[in-house]
Amino acid sequence: MKRVLALGLLAATIVAACGGGSSGTGGGSPAASAKAIKIGLVTDVGGLNDKSFNQAANTGRLNAEKDFSLQTSVIESKKQEDYVPNLTTFAQQNYDLVIAVGFLMQNAAWKVATQFPNVKFAIIDGAPANDKGDTANLPNVANLFFKEQEAGYLVGVIAATMAKNKVGKATHNTVCSMGGIPIPPVDRYIAGYQDAIKTISPTTTILNGYSNDFVDQQKGKEVGLNHISKNCDILFQVAGGSGLGYIAAAKEKGVYGIGVDVDQIDVAPGTVITSAIKRVDKAVYDTSKAVKDGSFKAGDNSFNATNDGIGYGKLDSVVPADAKAAADKALADIKSGAIKPKTDLTVK
Amino acid sequence: MRQPTAQWATGPAVPVVSVVVALAIGALFVLASGHDPISAYVDLFRGAFGSPYDITETLIQTIPLVLAGLAVAVAFRSGLFNIGAESQLLVGAVAAGAVGARFGSLPGPLLFPMVLLAGIGAGAVWGGIAGYLKAARGVNEVITTIMQNYIVVFVMHWLLQNGPMTAPNALGTPASAPIGDGAVLPVIIPNELVPLTRLHAGLFLAVAAVVVFWFLLWRTPLGYELRAVGLGARAAAQAGIDPRSRTVIAMAIAGGFAGLAGMIQVSGVFHRVFDGFSSGYGFDAIAVALLGKNSPIGIVLAALLFGGFARGGTIMQANAGVSSQLVSVIEATVLFVIAAELIVRLLAARRRGPKPLEAIA
């Protein structure tokens, strides 16, 4: 008797759940007829509050929504296997633009974009890549790339000026950098950084290392402590979450750090002197605008100093005026083409 | 004869109540975030089951949850708490991915069984190690299986980032080379019927595994012995069943189920192994087994619920603007309610006599 009752209860719940769902399906989506331009953003597994990449992309989405009265949505990916269904979800609902945040989604974007040739896609930091890993341009996909070497160059100018003039705690004329994994966007940052230092202060010792991780702070901290023990007093991190450990090492030992991707001056005030910035928000904003204007361009789209796609962040008060002046001069020279920062590492 | 259904029937009230309570508490969170709970839940449901495509995506999420849930449940039934389904799943995935890529040129009829056995076998050995340590040295399986999780995660880092399995051109993410075509589980629904569906033949393997689980535990002498040990090791020993050997066997079977889950993810979904592959199915599986009361039907229903949450949460975020993190809140609340019930039962049992979860001292 008890069993019958329990099963009945279970069945009732299921029926109730189904009923709720099917009545909802009748509602339909109100936006379908409105003809507003629809833009969907799919984050990678870092999630919306990563204080970096995904968050910046979402800021760009919200700004574009406000300024161009678009209809936008976001999906946070919880696992890598969600990339394909999440992109598909937007494509199936006839979104005008689907944005994939991060090179980790290259293959997923290729899979979905080839299935939905009438939907436009954009990949931050990447191009569509087939199952073998070969990238290829697709007629409906914009590849949003950044000239990280230019941002690296700008913070390199600041670091080199401070090291050369022995400003504040930077007394050993030695500057360092740490990447996460040696992949092209990471190494471009570091290449520009080293290029600036070699140009401005040839006598400065340069060290570079990798934490082999983008998440684990402890690994970044170990590399940082090692660098500091070798007299480094300016540490530039290009390693996401792992890089926060590199900054933490600088803070613990009382030397300077440089943030990456977004303005990280608030991560460790007094330690972080500036940040090499890549304006992911601007890439999302501009691409959304392009879809609205009808000026969407498939293939490689470059975000660089010329279109304010890169830059350097807020400066700590320890950074002297001549360092800022040098960085601003370098920025102008990069824009004019007088300086072309290197993309290959000087010091591995 | 009656036991599996009887077990389920003694308790469906608790799982159902816990889900209802969790949904109600979740609704409060939705309200607090300034959204309409009804429309959020409608989107949650539609996202999971609203269209044929959604249903197939939900099933893709459900398959590994069912298998990892069985891995936890076999251990539970034998008086063991298997926290290591995650690492057993990963070991199975790595073994399947390694064999599938290394012998990728072999024809399917040869390659597929090899990959299948590699996945199940690796998981079984890995699970069996925890069982052996418990049986031979008395090391608590909760501790060993947790530590095994870490070992696997870091060995995978090494294997895939710059170790023997690293593929030269791996999409920027550390990954292995793709498995051979013969090792791939085919998509089972034609593209004309459900466009773009990824639902693969792993579904049949999962159904088969549920049947094996039921048959093994309730239709074979070994299953009887495992359950006897689970209900009371000392009593079982008195009856001539050696709890030590059954402990090793139970953990090996558990690892086999989880290893199969990993193999299916490789052969059915990703066709390669990559770093960060896990996704936490092995941990969700503990909730699935508890919610499903360690019974075959219960596990399938609980996995379907959690799989639906995973898929539906995505759509809820896209359409209703409610963070898909809400799903985690609901899942955690389900666990809380079930845990509360477990605590009450344990306290009651303590007053009556031996404690069921510590039967093997």
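Before I show anything, one definition: two residues are in contact if their C-beta atoms, placed from the backbone, lie within 7 Å. What you see is a predicted model, in which local features need pLDDT of at least 70 and side-chain atom pairs count only at pLDDT 80 or more, while totals for chains, interfaces and linings use all residues. Residues are numbered from 1 along each chain as its sequence is written, and chains are lettered from A and ligands numbered from 1 in the order in which they are written.

Let me start with chain A, which is divided into domain 1 (34–146) and domain 2 (148–277 + 310–336), with bounds that come from an automatic or database domain assignment. The C-alpha centres of domain 1 and domain 2 of chain A lie 30 Å apart, and the contact takes six residues from each of these two domains. On the side of domain 1 of chain A that touches domain 2, three residues are nonpolar, one is polar and two are charged; here Ala, Val, Leu, Ile, Met, Phe, Trp, Tyr, Cys and Pro count as nonpolar, Asp, Glu, Lys and Arg as charged, and the others, Gly among them, as polar.

Now the sheets of chain A. Helices (H or I, at least four residues) and strands (E, at least two) are DSSP runs, numbered from the N terminus, and two strands pair if DSSP finds at least two bridges between them. One open sheet has six strands in the order S2-S1-S3-S4-S5-S11, with parallel pairing. Strand S2 (71–75) and strand S11 (299–303) of chain A stand at its edges with a single partner strand each, so one side of each has no neighbour in the sheet. Neighbouring strands here are turned by 20° against each other on average, direction ignored. Strand S5 (residues 141–146) of chain A runs parallel to S11(A) and is joined to it by five bridges, and A:Ala142 has A:Gly299 as its bridge partner in S11(A).

Which strands does helix H4 (residues 106–115) of chain A lie across? The answer is strand S3 (97–101), strand S4 (120–124) and S5 of chain A, and H4 runs at about 175° to S4(A); for such values, axes are lines fitted to C-alpha atoms, for helices over the stretch in contact, and angles run from 0 to 180 degrees between N-to-C directions.

Finally, two helix pairs. In chain A, helix H2 (residues 53–68) and helix H9 (residues 280–293) pack at an angle of about 35°, with their axes 7 Å apart, and by class their contact has nine nonpolar, four polar and five charged residues. In chain B, the axes of helix H12 (residues 281–291) and helix H13 (residues 296–320) come within 8 Å and cross at roughly 135°. The residues that meet there include B:Val288 in H12(B) and B:Phe306 in H13(B), and by class this contact has eight nonpolar, no polar and one charged residues.
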